[in-house]
Amino acid sequence: MKLIDLSVPLDQRLPSYPGNAPLDLEPVKRLARGDSSNVSTLRMSAHAGTHVDAPRHFFDDAGGIEALPLDVLCGRARVVEVAATEAITADDLRRFNLSDEVRVLIKTSNSQLWGDPAFHKEYIGVGESAAQYLVERGIKLVGVDYLSVEPFKTPGAPTHHILLGAGTIVIEGLTVRVENPSGFFGDNRQRLESNFKANSGGVTRRNPDDGLHEELTVNGD
Ligand SMILES: [Zn+2]
């Protein structure tokens, strides 16, 4: 089985959503300084880079990241490419047969924005009708290729409420460059499983500059 890494590296070129804490990796120990190991402290938003939104992101009494069903997070995912230049609508998705799908990753022009440290508020989000359509089709996981599934600053955040309210898992911050997977396959990034209890989001992967023994400080929200 060929594995394709669709996560973005957590490095200094990572844009952060306005108002969210930017990534900060502070060296605590360094072999080069005579320390016994390399250790860093990582400070970042729980919604930095490639991450999962838990229902608690928008519902105080709903489950946090630890309550997400792992079977939905693992398995075959369908990638659909949408040429929308504004928010994705139900009509944009109707031309795909999603009847057998559980997980849908939506590729847009957003995937070309990564690598630019500036945040692009004109990113393509999933509009309300599209969110409703995905829930009606029984989709259990939706992945998008920029930092929010919601079109920028949509009043009331209907897309988040529809998807998370229906128990649909949202992955944000993917880079869906499936036509050129070689750059995202077989590298030596270390995997970091995280389980931030009672938090609204969790890191799915990161790109360390040193050892595995990072401390995590997460600004929960
Ligand atoms: Zn998020």
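Reading along the sequence, I noted the pattern β-β-β-α-β-α-β-α-β-α-β-β-β, with helices (H or I, at least four residues) and strands (E, at least two) taken as DSSP runs numbered from the N terminus. I was working with a predicted model, in which local features need pLDDT of at least 70 and side-chain atom pairs count only at pLDDT 80 or more, while totals for chains, interfaces and linings use all residues. Residues are numbered from 1 along each chain as its sequence is written.

I looked up burial (20 or more other C-beta atoms within 10 Å of a residue's own, with C-beta atoms placed from the backbone) and found that 36% of the 221 residues count as buried. In helix α4, residues 158–165, the buried ones are Thr159, His160, Ile162, Leu163 and Leu164.

I then asked what covers these buried residues of α4. The cover includes β3 (51–53), α3 (128–136), β6 (141–143) and β7 (169–172).

For α3 and α4, I noted that the axes, which are lines fitted to C-alpha atoms over the stretch in contact, come within 8 Å and cross at roughly 5 degrees. The two helices are therefore roughly parallel, a label for angles under 35 degrees on a scale from 0 to 180 degrees between N-to-C directions. On the α3 side, Glu128, Ala131, Gln132 and Val135 meet Pro158, Thr159, Ile162 and Leu163 of α4, contact being C-beta atoms, placed from the backbone, within 7 Å.

How values were computed:
Buried ≥ 20, exposed ≤ 12 C-beta atoms within 10 Å, placed from the backbone. Contact = placed C-beta atoms within 7 Å. Parallel < 35°, antiparallel > 145°, perpendicular 65-115°, else oblique.
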